[in-house]
Amino acid sequence: MRFEHIAGMGTRIWRWSRTSGTQPRLLHAAKAAVAAVIAWFIARHVPGVPAEYPYYAPLGAVVAMQATVFAGIRSGVQTLVGIALGIVIAGFTMWVGDPGFLAVALAVGIGVLVGGFRVLGEGSSWVSTAALFVLLVGGAHAEGYSLAYLVQMAIGVVVGLLVNFLVFPPLHFWDAEHRIDAVNGVLADHLDGLAAVLEEGDRDEKAWDRQQDRLDRAIADVRSRVSIAHESRRLNPRGALRGSRARLQRDGARFRALERVAWYTTDLTELVARSGPVADGLGRPDPAFAAPLAKALRQLACMIRGECAEDAGDEAIAEVERALDASRQDPSHVAVTSAALVALRGIVESERRATADVDTRTGPSAFGHPRG
């Protein structure tokens, strides 16, 4: 019994560490530490002047140790280009005159100006930094220092890239899938909240602004993580594993479906939580319309969570359509109900389209188990 308790606790800790992102961070930190140590060891045995500045190699390793192999290559190359440009700028300012206030001002000014080009990416901040280092640290030995700086950083970048490539190169599928599942919950809660507004008649526009902001930020976060998941497969030997491409397609389709659901949910928020429908200025939703719509919203929330079948959404929408037929004597109710039906049908069709395309759903992922 005690063993089962310990095993159960271990399982919960494992799941928490995976869900919270602790496992990938620990692995990333360990790899960065190993790469820095290896780079430091190599740097101390480089012949010539570079051996006098071995501390730049671990820095280069850290620069190259990014969340994905491709991002590491991009960051490493951009950093080295930025440093090279900074060295050139420092040489120009030293040619203008001896290092001093004018030289420092020129180095920083030109460095910031050149670093503003977006093509430099991660290397933009290194332009002015390298120029200052060459001026103020290199001083009278600027040529030897510049060569050592660039060589040692390059050694660190190469070591960092090799470690990241060879030691469990990261694939961020699980992270993207977990966040997609989390946004499902945000969307479902949002729809349940709209149903409560219809049932109780209380509208709090500030609260809905906060809820809408939460939903927007969640969608933006998932978009970023899905993009990282796709990037993590590039130049990654684990990306060639069987099923990885199909898994990315599933994640992409689920995210696109989530985006469409979020758009339609925003439309429903405008209709229900802000502008109506209300009966003759009394501030209460029209019961003939509110009851079936509230039921439909709760059914859709259940469907998004993956707890109800898709046809449950169709049945709920059919009740809203019957309410539309019963309210044709009031043009305002007809307009609002028709708009709500478009949004409701859009949510159902978004999930159905994802299912038809890649055999998946907007609901909780089939890959919700700790792996990837």
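N164 has a relative accessibility of 2% and therefore counts as buried, a word used when the relative accessible area is under 20%, whereas exposed means over 50% and partly exposed lies in between, with a 1.4 Å probe and protein chains only. This is a predicted model, in which local features need pLDDT of at least 70 and side-chain atom pairs count only at pLDDT 80 or more, while totals for chains, interfaces and linings use all residues. Residues are numbered from 1 along each chain as its sequence is written, and side-chain values use heavy atoms, with hydrogens and water left out.

N164 sits in helix 7, residues 142-166; helices here are DSSP runs of H or I with at least four residues, strands are E runs of at least two, and both are numbered from the N terminus. The side chain of N164 makes a polar contact of 2.8 Å with the side chain of K31, and a polar atom of the N164 side chain lies 3.3 Å from the backbone oxygen of Q66. A polar contact is a pair of N or O atoms within 3.5 Å; within protein, one must be able to donate a hydrogen and the other to accept it, and residues adjacent in sequence count only if both atoms are side-chain atoms. Leaving aside residues up to four places away in sequence, N164 touches K31, A64, M65, Q66, T68, V69, P169 and P170, where contact means heavy atoms within 4.5 Å.

In soluble globular proteins, nonpolar side chains tend to be buried together. The largest nonpolar core here has 46 residues, and among those that touch the most other members are L187, L268 and L344; such a core is a set of buried Ala, Val, Leu, Ile, Met, Phe, Trp, Tyr and Cys residues joined through side-chain atoms within 4.5 Å. Helices 8, 9, 10, 11, 12 and 13 each give two or more residues to this core, and helix 8 provides the largest share, 12 residues. Apart from this core lies another, of 21 residues, including A103, A142, Y145 and M153.

The whole structure holds eight aromatic pairs, counted when ring centres of Phe, Tyr or Trp (its six-membered ring) lie within 6.5 Å, with planes under 30 degrees apart called stacked, over 60 edge-to-face and the rest tilted. The rings of Y53 and Y145 have centres 5.1 Å apart and planes at 85°, so this pair is edge-to-face. Y53 belongs to the loop between helix 2 and helix 3, while Y145 is in helix 7, 92 residues apart, and both residues are buried. Y55 and Y56 make a tilted pair, with 4.9 Å between centres and 55° between planes; Y55 is partly exposed at 43%, whereas Y56 is buried at 6%.

Side chains of opposite charge can pair when their charged atoms come close. There are seven salt bridges, each a side-chain nitrogen of Lys or Arg within 4 Å of a carboxyl oxygen of Asp or Glu, and the table gives some of them.

| Salt bridge | Closest N and O atoms |
|---|---|
| D192 and R298 | 3.4 Å |
| R217 and D213 | 2.9 Å |
| D221 and R225 | 2.9 Å |

D192 in helix 8 and R298 in helix 11 are 106 residues apart and link distant parts of the chain, whereas D221 and R225 both lie in helix 9, four residues apart, about one turn of the helix.
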